[in-house]
Amino acid sequence: MDQFIVKPLFGDGAVHWYTPTNVTLWMGIILLCVVGLFVMGTRGRAIVPNRVQSIAELGYGMVHKMVEDVAGKDGLKYFPYIMCLFLFIVFANMLGLLPKAFTVTSHIAVTGVLAMAVFLSVTVLGFVKNGTHFLGLFWVKSAPLALRPILAVIEVISYFVRPVSHSIRLAGNLMAGHAVIKVFAGFAAIALVSPLSIAAVVAMYGLEVLVAFIQAYVFTILTCVYLKDALHPGH
């Protein structure tokens, strides 16, 4: 698990809130990659796009359609925030697969902040847009009257568990995948099983590329679902 240790970039001292660490470095690299793709890559705005511009346009169109389909047209004004979330997570996941890289999204401290930001934002938005009618999210009108109070308690609990599941799902999947690859790689030094070990590493690496994208997609689409609940809280 040493691949997940947060280390200072300079020296071997204690890590404080102001200490530049490997997390700081890779977050900066993620930012540069996003800027490179969407600012530098689309600078020409060609009618016939090059490969970089095509990737940027595909990503933009996919997330835009996701927000519109899930949250409705009212949710499009929050598209820039959701797009930034998707880009940060997908680049963090993909860059974390490089040798010697650090996967910032394998840390619950990072994913927890992202999930809590989404949770607080949609909760405040829900009350601002709907007032006390936002509480109707927890009152299941389609259920029998006798069951509604019980379901309301369940809905409240599930609502406040959202940031926990939202963050642990992303961090847990990334951490587990990297740990499994490291375990398989450890057997590569044994001549008898090294071919199987290398084949397992290659297979897991291919799976992790898929997981890296899927987890970014899942985090983003859940954000859209929570946004829809804030904009249209009625069951």
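Isoleucine 168 sits in helix α5, where a helix is a DSSP run of H or I with at least four residues, a strand is a run of E with at least two, and numbering starts from the N terminus.

A word on the model: it is predicted, so local features need pLDDT of at least 70 and side-chain atom pairs need pLDDT 80 or more, while totals for chains, interfaces and linings use all residues. Residues are numbered from 1 along each chain as its sequence is written, and side-chain values use heavy atoms, leaving out hydrogens and water.

Together with Ile108, Val153, Ile157, Val161 and Val164, Ile168 forms a nonpolar patch on the surface, with about 520 Å² of accessible area in total. Patch members have over 30% relative accessible area and no salt bridge, and nonpolar side chains (Val, Leu, Ile, Met, Phe, Trp, Tyr) are joined within 5 Å, like charges within 9 Å. A salt bridge here is a side-chain nitrogen of Lys or Arg within 4 Å of a carboxyl oxygen of Asp or Glu. Helix α5 (residues 148-186) gives the most to this patch, with 5 residues.

| Helix | Residues | Contact residues |
|---|---|---|
| α1 | 22-40 | Trp26, Met27, Ile29, Ile30, Cys33, Val34, Leu37, Phe38 |
| α3 | 79-95 | Met83, Leu87, Phe88, Phe91, Ala92, Leu95 |

The axes of α1 and α3 come within 9 Å and cross at roughly 120°. Axes are lines fitted to C-alpha atoms over the stretch in contact, with angles from 0 to 180 degrees between N-to-C directions. Contact means heavy atoms within 4.5 Å.

Is Thr21 buried or exposed? With 6% relative accessibility, Thr21 is buried. Leaving aside residues up to four places away in sequence, Thr21 touches Val6, Lys7, Pro8, Leu9 and Val15.

Zooming out, the chain has 6 helices and 0 strands. Its C-alpha trace spans about 65 × 50 × 40 Å along the principal axes. Of its 235 residues, 40% count as buried. Among contacts between residues at least 6 apart in sequence, 67% join residues at least 24 apart.

Technical notes. Accessible areas come from the Shrake-Rupley method with a 1.4 Å probe; for residues, only the protein chains shown count as cover. Buried means under 20% relative accessible area, exposed over 50%, partly exposed in between (1.4 Å probe, protein chains only).
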